[in-house]
Every structure is written in C-alpha cells, then in structure tokens.
Amino acid sequence: MKHAFTVARKDFLSYLNSWIGVFVLGFFFLMAGLFFYLLVMTYVRISMNASQSLYPSVEGLGLTRFVYSSYFLNLSVVLLFFVPLLTMRSFAEEKRHQTLELLFTYPLSDFEIVWGKYLGMVWFFELMLLPTAVTIPLVIWAGGSIDWGPVVVGYLGFWLLGTAYLSLGLFVSSISENQVVSAMLTFATLIFLWALDWVAGVMTGPWAAFVSALAPIRHYREFPLGILDLSHIVYFCFFTLFFLFLSLRAVETRNWKG
Amino acid sequence: MDSRVSKTLVRPPEAPVMVRVENISKRFGRLTALDSISFEIRQGEILGFLGPNGAGKTTAIRILTGFFPPGDGKVWIAGQDLFKDPRGGKRHIGYMPESVSLYDDMKVSEFLDFSACIKSVPRKTRAVHVREKTARCGLDSVRNRLIGQLSKGFRQRVGLAQSLIGDPDVLFLDEPTNGLDPQQIIEIRTLIRELGKESTLILCTHILPEVSMVCDRVLILNGGKLVASGTTEELEATLREQQEIYVTMGDRHRAEEGLAVLSGFPGAEQVRIVQEKNDQVYFSLFVSKGRDLRSEISRAFVERNLPLLEIRSVRLSLEEIFMKIVIREDAAS
C-alpha cells in the first residue's frame, strides 16, 4: 500500500510538471471564477430588484442557496471537459512511452498500480478544487453570510462526482493505446451519462426509474442544495469502485492478450 | 526431471542456481509463443539470449521479469517461485528496458529515487544508494536533468542505473547497446562485464559479436522452442561435421610439393591452394569432425624441410552458428 502512494506521488508530480496539468489547473480556476462572478452579479441584480419590491418572492432567497447551488451545478458541466484531459494521461501515456512495461516488472501488485494511478489523479483534482474555496472568504469579506451546510455538502458532492468521473476515465485510459482516443472516449461516455438525466426526464413507465437511478447528475443534484442523502453517497461509491475494478481487470488482460 | 533441463547443465555445479525455468509455455489465442522451455542460470553467469524476430524472445523475457505469468510451467528466481509471490520474486530482478521506455518528464534523480522507493530500499540508506548507482553509471553530470532531454547514451545509462537499484540478484538487459555510438558501446560493455562479476546477467540482443564478447553461455530460441544452449565452443562443436584447416607456407616454388604432402594425409579432403602471394602459399583442407591433423601436418612439413609459417583451424563465428542452427531447425519443422 505504501508503494501505491509512491506511484500516486509520481503521477501527481508528473501532472504538475506537464503543460496539460498547468492548463487544466489554470483554466478550471478561470472558469470557476467566471461562473462565480456571473452568479454573484445575477444575485446582486435580482436582490436589488427585490429590495425595490418588484419581486417580493425572492426576498427570502439566500446568497448561499442562489449562488453556490448554481455554482456547483455549473462546475459539474465544466468537469465533463476537464476529466478526459486528466485521465487520458494516466495509462495511455505510460503505454505510449512503454513505461508501463517497466512498472509491471517492479515489485508492485496490479492493485497498487491502479490504486496509485487513481490516487494521483484524485490528488490533482483536489488541487483543482482548492483555489475555488477562495470564494468563501471573499463572500464573507464582502459582507455576505455563508450558510455552511450547502457549501460543505456541495463540495462533498462535487468531490464524489469528480472522483467517480476520474475512475471512469481511468478505466477508459487503461483500455486505450492512445491519449486522443482515451480522451474522446471518456468525453463521449461522460456526455452520455450526463444526458441520461434528460432522457430520464422525458421517459415514462418502469424504465424511467431505472434510467434515472443510473444518471449521475440525478444523484449529484441534491448535494449543492445541502441535502445529504446516504443513497447518493452509496451510488457514487459503487460507481467509483465499479470502474476501479474494471481498470484492474483491464490491467490484468496483459496476461492473456498478446 | 525433463531431459531438456539436464542437457543445459553445462556449468560446474558449485555456483547456486539463480534462475530456474521449468517447462514454461505461453499461448496467445491460437499462436504458441513459447513451447515448453526449460533452462537454468547459475550465479555469476552472463547469458546471451538470442533468436530471430518472433522467436518468443520478448515473451520469454516478459515472463522472466514478471510482466505476465506463463500459461504453463514455473519460474524460480533466487529460489523463490516468481508467480506464487510476484512482489517478493520481483525484488530479485533488475530489468533494463529498451531506451525509449523511461519517464521523460522526470529528472534522473527523481526517477531513480522513485525506483528505490518502489524497490523498498530503506529510507535511511536510500539517498546513498541512489548516489552510488548514479556514480557507477556515470550519471553524475546529468542528475538534475529531465530524462526526456538526455542523449541516447545517457538514457541507456539511466535504464541501467534503475535496474541496479535495490541490488538485484538477476539482471535482464534488453538491447543495452542499441543505437549507441562506438565509444558509448565500449563503455556500456565494460560496465556490463563488471556487473557480470557480481550478479547473474541475461543479455537480450541481436548484436551477435556482442554476445560472443560478453557472454559465457548462449540460449537460442526459434519458433517458441529452445533450440540450442551452451558456450559458443560447444555449439560450434555440435554443428560442425567437418573442420577446416588453413596452412601457410613460405616458399611459393615448392607449392606443388606442399599440396602433395597435404593430400597424402588420410582423411584430408578438398585440399587446395587458396592463394599465392608475396612468396607465400595459402592452403585449405577439410578433415572430418573430431580428427585434428595439425600436429601431423607440422611434423610432415618439418621433415621435408618445407617452411611452415602458420597452421590454424577455422572457427565458426557466432553469426554462422546462429544461422546454421536456425536454418536447421526451420528445415526440421
């Protein structure tokens, strides 16, 4: 298990040293900042209008609820574009440079390799999240009040969603020989999963419930509202474990594939 | 035990067996990449691993380095079953891949430190250990450079250095001098020979002169089968039906006399004059295997007062041995 951390550290540092890592880090921060700015501005406009009693119904709408709930939903869409960029590197890159061959001859178990590579990405994802927390002191400094529940639960939900997407990307990367193929395939799969939410919305009959249960966004949506539901947490845990398991199996295919 | 195993026991038995391979086979779908191969390598041996492309060399190396398990059979490294406890077994292995397969975005020191972590070099001695291997492979000047920016020669050394980390008992070197200039080739070969004094070494290469220069013993694979195993001399002896002898004589005016003497020996065939040059005559003749006429020839020349300058039996080069074995096996199958 200690060796998994060594692998994770190597992958994490390799993200930091690559232009793609820096790009993802910077651009994600920029996008997050832009969304936050737009949402705050919208909130300011609406609440100004509300104070002039044009919209008395929004008076009770809190800043946290309005800004952060939408913020996390917007970020979940941004994630669709960034996850493939991160995960395409993990296995496909090592395959291209044939370094995976070296890793397999080191005293490491397949599990340590998969878990280490996954952990390295999760750490990087957490590093992406870190600067977005700067919005919290900013709101307090500007005189706003934070309703901690939705913010903390929102972050938890976003972390669960992100790590689940990463596990899917890891699996796709482990079965593709090429980074571009890996990124495209991951992106396509993520978009498909994202669209399941809409599909479930227009479907009727017994299958609607099934599709809706599969759609990650359906499970994610309640977190930014501050609702902590165990079933959603369990869903994301299963999602992640399922794809980690598939990745492990994919790595083991070298034993019988030429 | 299988007869194939006993056939390969050519080393004196005092050195312990470091690598033991018993009847390993590997199939990919319908293709049989390796067909029941057995051999042993003793401590301190430098073994050359040869075979034409597609002979199963890569598959064999991949199995021996723990990349994947064989379909059938067993591998013991330093007395440990490699696939019963892959992590423990792999600790005894150092593998130098072909030069391309390194982490280009890591610094040399970072990469070697990573290897040392994975290979469980104790934290206290890790820095010293890495330093030592860095110096040994002549990498001191590029310690802090990115591997991706290094020249091929240095990359090769990085590959070698990481294989040495953890002081493994068995080293596998895959095309260690591939793409190097002559100066670098000589340096790497010297390093390999030095390493061979301490650990068991398996050299996988297609440069045959390198094998005959460096290796104690040769294994030749063809079509997934082990077709030959032994020292270059042993392989040569099994191949040769006839031995060719060259004789050089000093006085060209007595060439006919010399020819008559050589032809007079029982068992001498195809006696001929190869060349006459600078008052020297060069003869060539064949004798059947196991018969050495050299002392008789020299005696006969001296008795007749013929000026004998040189007499030698022609050796087969490893290239010729390799070609003959591979062609013979291809013809047989």
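Helix α1 of chain A passes helix α4 of chain B in a left-handed crossing. The model that shows this crossing is a predicted one. The helices involved are α1(A), residues 2-16, and α4(B), residues 108-118. They pack at an angle of about 165 degrees. Their axes lie 9 Å apart. Angles over 145 degrees count as roughly antiparallel, and α1(A) and α4(B) are therefore roughly antiparallel to each other. On the side of α1(A), the contact is made by A:H3, A:T6 and A:K10. These meet B:F114, B:C117 and B:I118 in α4(B). By class, this helix contact holds 3 nonpolar, 2 polar and 1 charged residues.

The contact between the chains as a whole takes 20 residues from chain A and 22 residues from chain B. On the chain B side, three elements each supply at least two residues: α3 (86-90), β6 (93-96) and α4. Of the elements of chain B, α4(B) gives the most to this side, with 3 residues. The side of chain B that touches chain A has 13 nonpolar residues. It also has 3 polar and 6 charged residues.

The two chains were then described one by one. Chain A has 11 helices and 0 strands. From the N terminus on, its elements run α-α-α-α-α-α-α-α-α-α-α. The C-alpha trace of chain A spans about 70 × 45 × 30 Å along its principal axes. Chain A has 258 residues, of which 40% count as buried. Contacts in chain A with a separation of 6 or more were also examined. Residues 24 or more positions apart account for 79% of them.

Chain B contains both kinds of element, with 12 helices and 14 strands. Its C-alpha trace spans about 75 × 45 × 40 Å along the principal axes. The chain has 333 residues, and buried residues make up 39% of them. Contacts in chain B were taken between residues at least 6 apart in sequence. Of these, 68% join residues at least 24 apart.

Strand pairing in chain B was followed through β4(B), residues 72-77. This strand pairs with β1(B), residues 17-28, in the antiparallel sense. The pairing runs over 5 bridges. Within it, B:S25 has B:D72 in β4(B) as its bridge partner. Strand β4(B) also pairs with β5(B), residues 80-81. That pairing is antiparallel too and runs over 2 bridges. Here B:I77 stands opposite B:Q80 in β5(B). The strands β4(B) and β5(B) form a hairpin. Between them lie 2 residues. In the turn, B:A78 has a positive phi of about 50 degrees.

B:N305 is found in the loop between α11 (294-303) and β14 (308-313) of chain B. With 9 other C-beta atoms within 10 Å, B:N305 is exposed.

A residue within a helix was examined as well. B:E187 has its place in α7 of chain B, residues 182-198. It has 18 C-beta neighbours inside 10 Å. A residue is buried at 20 or more and exposed at 12 or fewer, so B:E187 counts as partly exposed. B:E187 and B:E296 are 109 residues apart in sequence. In space, the two are 44 Å apart, C-alpha to C-alpha.

How values were computed: Residues numbered from 1 in each chain as written. Chains lettered and ligands numbered in written order. Predicted model: local features only at pLDDT ≥ 70, side-chain atom pairs only at ≥ 80, totals over all residues. Helix = DSSP H or I, 4+ residues; strand = E, 2+ residues; numbered from the N terminus. Axes fitted to C-alpha atoms, helices over the stretch in contact; angles between N-to-C directions. Parallel < 35°, antiparallel > 145°, perpendicular 65-115°, else oblique. Left-handed = near helix turned anticlockwise from the far one by under 90°. Contact = placed C-beta atoms within 7 Å. Nonpolar A, V, L, I, M, F, W, Y, C, P; charged D, E, K, R; others polar. Pairing = 2+ DSSP bridges.
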